[in-house]
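Dear colleague,

I am handing over a structure for you to look at alongside this email. Please open it first and keep it in view while you read.

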Amino acid sequence: MAGQLIARGKDKWLVRIFMGLNENGKRKYHSKMIHGNKKAAQKYLNAVLQEKDLGTFKEPSNITVDEYLTSWMETSAKQRLRPRTYVIYEDYLRIYIRPAIGKIKMDKLTPLHIQSTIR
């Protein structure tokens, strides 16, 4: 079973979708509470299952753009860039990117947010 609908009261449905196993072999689920009728919950379940099958489903995340950029700079960019280039990247991020979109959650980031940093 890939997904299920669980009634949680009047017009409240828990949509639970099996996402696979994590690195420790423990089952991972995507869960979302839908407020509305069963048809709305079924529509959400079908949409997520389709995205999962296509490989385009992205689990909501609490990480911000700022946290992501910090992690990316340390784990990826630092090893690939010359020291001076790394400093320039840090300056650009500090001056332009972090103040404009640093507090936005990654799953809420849109192309319009990114375009707003270009002036």
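Predicted model: local features only at pLDDT ≥ 70, side-chain atom pairs only at ≥ 80, totals over all residues.

Residues are numbered from 1 along each chain as its sequence is written, and side-chain values use heavy atoms, with hydrogens and water left out.

Three strands form an open antiparallel sheet in the order E1-E2-E3, where strands (E, at least two residues) and helices (H or I, at least four) are DSSP runs numbered from the N terminus, and two strands pair if DSSP finds at least two bridges between them. The edge strands, each pairing on one side only, are E1 (3–7) and E3 (27–35). Strand E2 (residues 12–21) is joined to E3 by nine bridges; among them, Lys12 is partnered with His35 and Leu21 with Arg27. E2 and E3 form a hairpin with five residues between them, and Gly25 in the turn has a positive phi of about 85°.

Turning to the helices, the axes of H2 (residues 65–80) and H3 (residues 83–101) come within 11 Å and cross at roughly 165°, the axes being lines fitted to C-alpha atoms, for helices over the stretch in contact (heavy atoms within 4.5 Å), with angles running from 0 to 180 degrees between N-to-C directions. That crossing makes H2 roughly antiparallel to H3, a term used for angles over 145 degrees.

Best wishes

Note on methods:
Parallel < 35°, antiparallel > 145°, perpendicular 65-115°, else oblique.
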